12 protein chains.
Amino acid sequence: MPKPKLLLLHGPNLNMLGMREPSIYGSATMAQIDQCCQQLASELGYNLSCRQSNHEGQLVDWLQAAAGEFVGIVINPGAYSHSSIALLDAIRAITIPVVEVHLSNIHAREAFRSHSVTAAGVVGLISGFGADSYLLGVRAVAQLLADPLSSSS
Amino acid sequence: MPKPKLLLLHGPNLNMLGMREPSIYGSATMAQIDQCCQQLASELGYNLSCRQSNHEGQLVDWLQAAAGEFVGIVINPGAYSHSSIALLDAIRAITIPVVEVHLSNIHAREAFRSHSVTAAGVVGLISGFGADSYLLGVRAVAQLLADPLSSSS
Amino acid sequence: MPKPKLLLLHGPNLNMLGMREPSIYGSATMAQIDQCCQQLASELGYNLSCRQSNHEGQLVDWLQAAAGEFVGIVINPGAYSHSSIALLDAIRAITIPVVEVHLSNIHAREAFRSHSVTAAGVVGLISGFGADSYLLGVRAVAQLLADPLSSSS
Amino acid sequence: MPKPKLLLLHGPNLNMLGMREPSIYGSATMAQIDQCCQQLASELGYNLSCRQSNHEGQLVDWLQAAAGEFVGIVINPGAYSHSSIALLDAIRAITIPVVEVHLSNIHAREAFRSHSVTAAGVVGLISGFGADSYLLGVRAVAQLLADPLSSSS
Amino acid sequence: MPKPKLLLLHGPNLNMLGMREPSIYGSATMAQIDQCCQQLASELGYNLSCRQSNHEGQLVDWLQAAAGEFVGIVINPGAYSHSSIALLDAIRAITIPVVEVHLSNIHAREAFRSHSVTAAGVVGLISGFGADSYLLGVRAVAQLLADPLSSSS
Amino acid sequence: MPKPKLLLLHGPNLNMLGMREPSIYGSATMAQIDQCCQQLASELGYNLSCRQSNHEGQLVDWLQAAAGEFVGIVINPGAYSHSSIALLDAIRAITIPVVEVHLSNIHAREAFRSHSVTAAGVVGLISGFGADSYLLGVRAVAQLLADPLSSSS
Amino acid sequence: MPKPKLLLLHGPNLNMLGMREPSIYGSATMAQIDQCCQQLASELGYNLSCRQSNHEGQLVDWLQAAAGEFVGIVINPGAYSHSSIALLDAIRAITIPVVEVHLSNIHAREAFRSHSVTAAGVVGLISGFGADSYLLGVRAVAQLLADPLSSSS
Amino acid sequence: MPKPKLLLLHGPNLNMLGMREPSIYGSATMAQIDQCCQQLASELGYNLSCRQSNHEGQLVDWLQAAAGEFVGIVINPGAYSHSSIALLDAIRAITIPVVEVHLSNIHAREAFRSHSVTAAGVVGLISGFGADSYLLGVRAVAQLLADPLSSSS
Amino acid sequence: MPKPKLLLLHGPNLNMLGMREPSIYGSATMAQIDQCCQQLASELGYNLSCRQSNHEGQLVDWLQAAAGEFVGIVINPGAYSHSSIALLDAIRAITIPVVEVHLSNIHAREAFRSHSVTAAGVVGLISGFGADSYLLGVRAVAQLLADPLSSSS
Amino acid sequence: MPKPKLLLLHGPNLNMLGMREPSIYGSATMAQIDQCCQQLASELGYNLSCRQSNHEGQLVDWLQAAAGEFVGIVINPGAYSHSSIALLDAIRAITIPVVEVHLSNIHAREAFRSHSVTAAGVVGLISGFGADSYLLGVRAVAQLLADPLSSSS
Amino acid sequence: MPKPKLLLLHGPNLNMLGMREPSIYGSATMAQIDQCCQQLASELGYNLSCRQSNHEGQLVDWLQAAAGEFVGIVINPGAYSHSSIALLDAIRAITIPVVEVHLSNIHAREAFRSHSVTAAGVVGLISGFGADSYLLGVRAVAQLLADPLSSSS
Amino acid sequence: MPKPKLLLLHGPNLNMLGMREPSIYGSATMAQIDQCCQQLASELGYNLSCRQSNHEGQLVDWLQAAAGEFVGIVINPGAYSHSSIALLDAIRAITIPVVEVHLSNIHAREAFRSHSVTAAGVVGLISGFGADSYLLGVRAVAQLLADPLSSSS
């Protein structure tokens, strides 16, 4: 029996990881993060697919299409976190659990980054642990799937 | 050789867990959460001490005194998250890593709960996974101690 | 002689209608709404083309290209209503009448939905009548084309 | 069997239509609008009564008294739209459907006109089509009465 | 010797009590409240007159005229509490004590209801006890008249 | 040949002049002010009619009806200055000149009195000279009628 | 059978009553207020315990512990009313009725005092009657206990 | 016996009158306005001195020095009205009456012009009557000197 | 040896130049602007590539990919200037100089256009010179490349 | 005859001085500051007692109790300066002079530190001179006691 | 025939260039910038006069007097950009083109520097290129004079 | 060897001290303050020069020129404290220490006086001690010069 599938979505500019402002975002590349997350997911009994787009609409498309194929989603909406009602609506329109992650601590940066529009639609948010934010996010969604009643919403 | 020690701090009203608005905060009691966290900490090679106070000043006292005895801190500042500059200053005054956790998703509740003053001082924040937020927090602080360079701040 | 053509544009997440939060958006699907609108348009002497996209840029592309082919537009910009200056500029850049519609009453929901950026560029706005908002929109644009002087701008 | 009755309420200064700032409000008089609406209502199977007042309290009185006599209401609250909590409360206090209409596009004028307090209580809002806003409003309320479940509220 | 007279003023929509949103405003009618208040006033040595109006100007008229006839006033300004400087000025223009009451707890509802413009002019405010708010208001004004120095202003 | 007519409108609570907070509003009564203004108007070649109402709607009614009978208006909108869009619209709907006056200096009192909504519609504003504000207002409107081009709008 | 018990909590600086700014807070001391309240409570069939603290955390402790021992609470949170989410959460965490009282009329003082954070959690609020605010509060809580359905919340 | 002296102060850019945006400020030059004002002042029994400066500090200097030489001041602070606390302080530091005038109706222009900082210090304000604002200002200050008790401040 | 390459990016609706609101944006078409810029770039020793997109994500893609191929960028982000954190992050993620240009003076238009989010990431901004803004932008980026130390950032 | 006594109060985290962010707060410890202040106080003829607490309530307790024992107070309220109405009320409730000091220049740091709530109650504020702020504060309070009329309040 | 003349105005503190915060403003002195600009102006067929003042009023004086002598102006209003309505009015009062320049990128600094009041009156703005901002400004004004229709305003 | 020199700058309206609102600013004249400060400076080993101007530009001129002649500055910027970015920039442009003083406690007056723009550039601020604020300022700057490392900035 195939493993159930998780989806990891990276928003705009996350494909530049390792090259972009490493003092803020760390030196790990997106590919390295994907690989670590896939390994952890596999240990937890899931297959993890990873995608990145700079297009808000593409992220909405993927979220909408995810419901039939995936059982849970980890998303770093990047800059779109702070303004995208379209992403918020897409997250609310699907019924599988979505976890939001951020590399940097959004509460310790510019004021316009401390507010997350999309976070109002997700189950929970993990922010500030660099690449580990993603790993904690995979673990969180796996735990949600294992015991859906354990979390308050 | 004794295990290094972690400190888990609960802020105001968290001693009421299980009794207080269970639709928001879940049915687990603080004692149950403490026990789960201690077990996980132990598996990860740490001893975990747990304390709760409704007094902002007491939490500041504990944070200040923690540096000599503990190697990392997980804190749920509860209602004080949203206004306490004193806690923020105390977190910044010590040099061991501090992780902030919340049971509920603070970005999906009343507007005054979506802003965390204390979060500007911690390494990272985990919010919305119920009792699992604490477990993810313990794991996050352990990972920070294992590999202090892996996180951006 | 072929009938003059109208364009119906659906913004992000409207392809999820019937599946997404039916207590807010009703149980009609986008295909059903399109069919009803096409039938009404036909009765009023127009052919109606229907398109949907989750991409802000695609909606801008379609608006720009519409001028040569269509004589009027009904648009539900969805979440982009509340922030898209690009859509506002595109609406202002074309000279055929544009009518904005919303399924739900945007003035009775979250504060961030009560303001429509795009509405500053359209002839008029219809909001809150569920699928009927679209039908009223088709009727409104037909009336504008029949008697262009009858409306104040 | 007599036709069921609809009520059309005009708020302050709408009795000046045709005389007042015609570049904004058009050249139709209130009497002409009333006549057109009554004709349309009659075609749709309703008797339509029309009233105007410059007094906020009078509009509240009429709304309260409407429930026993009328089956639906179209209201243009005029300037009171932007501030009257009393009208909002009156609309919420009655259970027959109320539709709000505006001659001009309130989202394309001064900032203080883009917010409608009363709109938070009505089923839906139609704005910007000049005298046609009223006709679309009559049609909308008739449709609501024909098929009360078709609209989300 | 006739009993001194108190005036009870109800603002807009309070004549709908018992019919209007009973989950917020309770099931007692205005007439029942008036009767209870009159009985209590009588026990305390006063005659109580009761009036209601949906017209802001009427409430101002009554307040202005009250000074010669009444020795104290209990007022529920309803929706006008939140915006009426005219009522505030009228309350300040008379010298007999005025007490403001609200059925619901205005601090626990929509943000626009948590601020009372008129409250800046009254001696004190009682809010949230349903019909009992009125009874407490009658008692408060009686106490003020019995011992005018006992209250801070 | 009869003298052309001017209208003097007093808004809410101005009938209380002389009784109400004399340290702010002076000791002159409304009747005394009316008499002084009528005498000055007469010297300047006009008949002056004076009216007062606490009802916003009544003031709107009088403004609307003034155009046929009067050649100019002096208005002290009182508390309604600070919020009434209905009065602003009525002032804009008529074409005879309207001058706004205030007894006290509205820029030197509570913040909510420093903004005048109605002032955006009048030719000019005179504020702070007590009863003399009215006399200056009569003089200003007479000058506007004598030489309509002399004022910028 | 012993009388059921009520708890009266005084927040910061209320132990200074009679000494502190008597023009605002009156000349009664806290001990005098406690005595009057105990007498009234006794007449109404209750024992009343009175406590004061300048410590936010102490007030939270007492609220949490009250549920087992007391049947209702009257609280004057003093300065903490205006900012304490911790007190708000404690009030919401217990199920016995809580009534908030203030000596002065908080709506007639500095802007920062007109908002009460804690008031969003209590049944109702009484403000502005000096020492009588407390007596009305005792009466209100007694009435709530006598007839729990009589108040809307 | 020499006539008592009045001072007329023009702020920045008023020396450009007649040349600057005549649709807003009219076609009269500053010299013409000065001449008209001097003639009116003379009729009323005063000598009027006129000065203009683009320098905020110069206007402050003149205000400070005026007290010994002049008995009243008419000032159009121009652009400095909207921000100059230094002018406000200078006006408050002297005890002779100061009247503020504006050519255009400051409440009907850009938002930043509707607030006058300096107006909080003057006796009264006259705005919107073009050159006549100055004449009304001279008359107002003369009336204040004739009957200092007639105005509320 | 081939000339180094510059990139010119046009944001949404700039492909409509010459057709769209010419009173604001001028009558030059985008193709004409591109041609002028290419000629100037050539004179300055550069090849200039020109691209336009209505898609925020496409602009981000192009910015990310530019670093390897181009030595400098001139961008008119159009409507996305005012809200796009994704574009800001993309500009910051690359190390070649980026200059922002606008046809119209963004500080002299609607309030929402006076703020540029993207401008916080570029070297400098040129706004208000119509098609010349682009030419000045090309010149500015060429100068930056010629003498990278001459500009403050 | 014993020297009159002064009280020096340190708020939260000031016990960490020398260890906490020395680039902001300097390298002097609290004990060193206390010793310098005691020596200066002694030279000026006073005994100085020094206390520190992280508890807002404790600081309130000490302020209330100070009046009988001390003749003046120097306080650094630390983080509580920016939000504590309870401390403000306590300062206002006592009649001996209170001087507020800060190590760093609060106007040159984060926005939330530039406002001091408590400063509205003290005689004066000294900020930005590091440990010298305390010494200047001792000197200021001594001067106030020597010549109570020399300061405006 | 003499060359037409341009005016270059430097606002406050620009005479400190080269000495003041060189990391922000660069190391070029004002004299060096003037010389470069004069040379470029000469190449473009103009004589350039350069002036500096720390006095807002002096800059207004110079702007007013410029119209008769100069054909175009480049101005760096420095700190006065962010608040001076007097400068804005002076720029609007003259009819020759004015271009605003800034050394640093005002959108990338403190929030209060990102808004330019004066920019609402100029043709266009150039910001962020250090001394080159001035050279681009000279070029821009020359181009405006060569082809006055080429720019939208 | 001559004593090193200090500069004392008084901003607008401070030359009116003793005459202007003595209840706020005290009865000492500026000359008396200067004399006291010169005596104290002399005792501390400095010569003190004193200047006053109502002109913002003059104060900027003096600050710029001070660096070569003086070793430290005490400034009371008066009303310009609350808005002058030009003064802030001038203070930052020089490298000798600047101390800001105010006679009254700016945090206890009108809201617009509680913010000091200039204070963001000075070493420290002393406010509320009347004429003693100046003396404490002289002492503070002398201490800074004696021990430049003792203060955090």
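**View 1. Glu110(D) and its salt bridge in the predicted model.** At 26% relative accessibility, Glu110(D) is classed as partly exposed, where partly exposed lies between buried, under 20% relative accessible area, and exposed, over 50% (1.4 Å probe, protein chains only). Its side chain meets that of Arg113(D) in a salt bridge (3.0 Å, N to O); the term requires a side-chain nitrogen of Lys or Arg within 4 Å of a carboxyl oxygen of Asp or Glu. Arg113(D) is buried, with a relative accessible area of 3%. The model is predicted, with local features needing pLDDT of at least 70 and side-chain atom pairs counting only at pLDDT 80 or more, while totals for chains, interfaces and linings use all residues; side-chain values use heavy atoms, without hydrogens and water. Residues are numbered from 1 along each chain as its sequence is written, and chains are lettered from A and ligands numbered from 1 in the order in which they are written.

View 2. The side chains of Arg109(B) and Glu110(B) form a salt bridge (3.8 Å, N to O). Arg109(B) is partly exposed at 23% relative accessibility, and Glu110(B) is partly exposed at 25%. In chain C, a salt bridge joins Glu110(C) and Arg109(C) (3.8 Å, N to O). Asp89(A), Arg92(A), Arg109(C), Glu110(C) and Arg113(C) are linked in a network of salt bridges. Over all chains, the search of the whole structure finds 60 salt bridges.

**View 3. The interface of chain C and chain D.** The contact (heavy atoms within 4.5 Å) takes 32 residues from chain C and 31 residues from chain D. About 2,400 Å² is buried between the two chains, 53% of it on carbon and sulfur atoms; this area is the accessible area (1.4 Å probe) that two parts lose on being put together, summed over both. Zero salt bridges are counted between chain C and chain D. On the side of chain C that touches chain D, α1 (22-25), β5 (124-127) and α5 (131-146) each supply at least two residues; helices (H or I, at least four residues) and strands (E, at least two) are DSSP runs, numbered from the N terminus. The largest share of that side, seven residues, comes from α5(C).

**View 4. Strand β5 of chain C against strand β5 of chain D.** β5(C) and β5 (residues 124-127) of chain D pair in the antiparallel sense over three bridges; pairing requires at least two bridges found by DSSP. Ile126(C) stands opposite Ile126(D) in β5(D).

**View 5. Strand β4 of chain E.** Five of the five residues of β4 (residues 98-102) of chain E are buried, so the strand is largely enclosed by the rest of the structure. Val98(E), Glu100(E) and His102(E) point one way, and Val99(E) and Val101(E) the other. In a regular strand the side chains alternate between the two faces of the sheet. Strand β3 (residues 72-76) of chain E runs parallel to β4(E), joined by three bridges, and Val74(E) has Val99(E) as its bridge partner in β4(E).

**View 6. Helix α4 of chain D.** Eight of the nine residues of α4 (residues 85-93) of chain D are buried, among them Leu87(D), Leu88(D) and Asp89(D). The cover over the buried residues of α4(D) includes α3 (56-69) and β4 (98-102) of chain D.

**View 7. Ser81 of chain F.** Ser81(F) lies in the loop between β3 (72-76) and α4 (85-93) of chain F. Ser81(F) is buried, at 0% relative accessibility. Beyond its neighbours within four places in sequence, Ser81(F) is in contact with residues including Glu100(F), His102(F) and His115(F).
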